[in-house]
Amino acid sequence: MHRFYIDIRRDKSDRLLQGIERVTPALEKAMAGEELSYDDGIQLMREENLFLLGAAADSLRKKNSGNTVTFVCSYYLNYTNICAASCPLCAFYRKGQEADAYTLTIEQLLARARIAVNDLGATELHIVGGFHPKLGLDYYERMIISIKKEFPHVCIKALTPAEIFFISKLTRNSVKEVLSRLKDSGLDALPGGGAEIFHEQSRNLIVRGKCSGEEWLDTARQAHEIGLRSNCTMLFGHIEKPEHIVDHIIRIRELNKDTNGFTTFIPLKFSLENTELEQKHMIQRESPSTYDLRVIAVSRILLSDVLNNISVYWIALGKKLAQVALHYGGNDLVGTAFSEEIFKATGKHNVTSTEELINLINEINRQPAQRDTFFNVLRRF
Ligand code: SF4
């Protein structure tokens with residue numbers, strides 16, 4: 001029997017646990033190492049006692065990943081903000097006529113890669129952008145080949161499944177062909193963006209011109225099948241219902257059971273400012289911290305035993321709440337994310353340093369470690 005389970009039963013006299021007459025059956029199942037169903041997930045999303053939910057998630061975190069909190073030294077290259085889509089959730093995209101619309105040339109990308117690697121010590125380049133309607137597959141191939149030629153040891157984590165799907169449609173190549181050609185060029189891994197929320201009821205109101213949830217999952221599956229690992233994300237805190245959160249996480253879980261290709265799950269808190277959802281008053285305010293912590297805890301509990309890493313995206317949560325989230329199931333702080341543009345467009349403060357991330361982790365008495373893209377520890381502090 002798991003220690004957490006025993007503690008709940010034994011410590012009823014504990015001041016923090018007083019008044020708890022019942023432990024949700026879903027939590028009991030989770031702590032006994034059983035797989036949770038969709039209905040169990042709904043029960044967790046409705047669990048009245050957030051503290052208990054968090055304690056269960058924290059206990060599973062400890063079991064899966066110990067006391068280490070990891071981060072990668074990453075640099076974000078947003079190669080274009082021009083996008084054929086126009087998602088109501090997005091503050092980043094431009095249509096091309098605006099003064100601040102841009103597309104980086106290969107030389108400009110290389111110049112930024114030099115800053116990332118030579119000046120900032122990045123081990124990972126996280127490359128994402130809008131769905132540019134005129135860039136051919138050769139642009140992406142040249143981008144990857146040029147960077148790899150100059151920096152063979154840097155990990156290129158580029159193009160979300162949503163971008164890959166778009167490029168496939170635009171260039172009339174199959175998803176497999178696009179992925180294979182990019183892998184042959186030197187692509188190492190895929191970022192996990194564009195997943196948003198898979199359930200159509202929410203998805204159709206927050207995205208416009210982006211692949212469906214099924215198409216995103218199928219593209220990730222095909223990437224895994226040719227040996228490319230990827231992150232996965234979920235955008236929460238907009239118009240979704242608890243059912244959509246559970247549906248999303250379970251679909252990720254089921255795919256990972258087949259492929260084991262996801263490196264980490266990153267629940268992304270929705271940022272409201274400068275989005276169409278804000279302008280059209282479809283959402284009045286961002287989600288409360290208690291909801292954010294609940295989603296992170298439920299992610300850990302539902303994915304336990306299938307995916308070891310739950311990443312806390314400090315840019316969207318804020319650094320202080322990120323520290324709390326590391327007690328609600330999180331074991332990773334994503335990375336330094338130098339030069340991030342997408343959340344910056346929603347007014348989020350996105351500047352940090354390796355030292356600051358180490359301090360944030362030390363402050364909560366956990367052990368900081370710098371990792372590579374695939375969660376191999378490079379340095380401990
Ligand atoms: S979320 Fe991505 S696909 Fe949608 S408009 Fe923004 S950049 Fe384009």
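This is a predicted model: local features need pLDDT of at least 70, side-chain atom pairs count only at pLDDT 80 or more; totals for chains, interfaces and linings use all residues.
I began with a pairing: Val-72 has Arg-371 as its bridge partner in β9. Residues are numbered from 1 along each chain as its sequence is written, and side-chain values use heavy atoms, with hydrogens and water left out.

**Entry: strand β1**

I use "strand" for a DSSP run of E with at least two residues and "helix" for a run of H or I with at least four, both numbered from the N terminus. Two strands count as paired if DSSP finds at least two bridges between them. I looked up the partners of β1 and found two. Strand β9 (residues 367–371) runs parallel to β1 and is joined to it by five bridges. Strand β8 (residues 332–335) is also parallel to β1, with two bridges between them. In β8, Asp-332 is the bridge partner of Thr-70.

Next I asked myself: are the residues of β1 buried or exposed? Here buried means under 20% relative accessible area, exposed means over 50%, and partly exposed is in between (1.4 Å probe, protein chains only). Five of the five residues of β1 (residues 68–72) are buried, so the rest of the structure largely encloses this strand. I checked each face too: Thr-68, Thr-70 and Val-72 are buried on one side, and Val-69 and Phe-71 are buried on the other.

**Entry: the largest nonpolar core**

A nonpolar core, in my notes, is a set of buried Ala, Val, Leu, Ile, Met, Phe, Trp, Tyr and Cys residues joined through side-chain atoms within 4.5 Å. The largest one has 123 residues, and Trp-216, Ile-301 and Leu-333 have the most contacts inside it. Helix α13 (residues 289–303) gives the largest share of this core, nine residues. The core lies between domain 1 (3–63) and domain 2 (69–380), because both give residues to it. Those domain bounds come from an automatic or database domain assignment.

I then followed Ile-301, taking contact as heavy atoms within 4.5 Å. Leaving out residues up to four places away in sequence, Ile-301 touches Leu-27, Ala-30, Leu-36, Leu-44, Leu-53, Ala-56, Ala-57 and Leu-60.

**Entry: positive phi**

Leu-159 sits in the loop between β4 (155–158) and α7 (161–171), and at 0% relative accessibility it counts as buried. Val-334 also has a positive phi, near 65°. Val-334 belongs to strand β8 and is buried at 9%.

Glu-196 is in the loop between β5 (189–190) and α9 (200–206), and it counts as buried at 9% relative accessibility. Its side chain makes a polar contact with the side chain of Lys-210 at 2.5 Å. A polar contact is a pair of N or O atoms within 3.5 Å; within protein, one must be able to donate a hydrogen and the other to accept it, and residues adjacent in sequence count only if both atoms are side-chain atoms.

Leu-326 is in the loop between α15 (319–325) and β8 and is buried at 1%. Beyond four places in sequence, its contacts include Asp-58, Val-69 and Leu-333.
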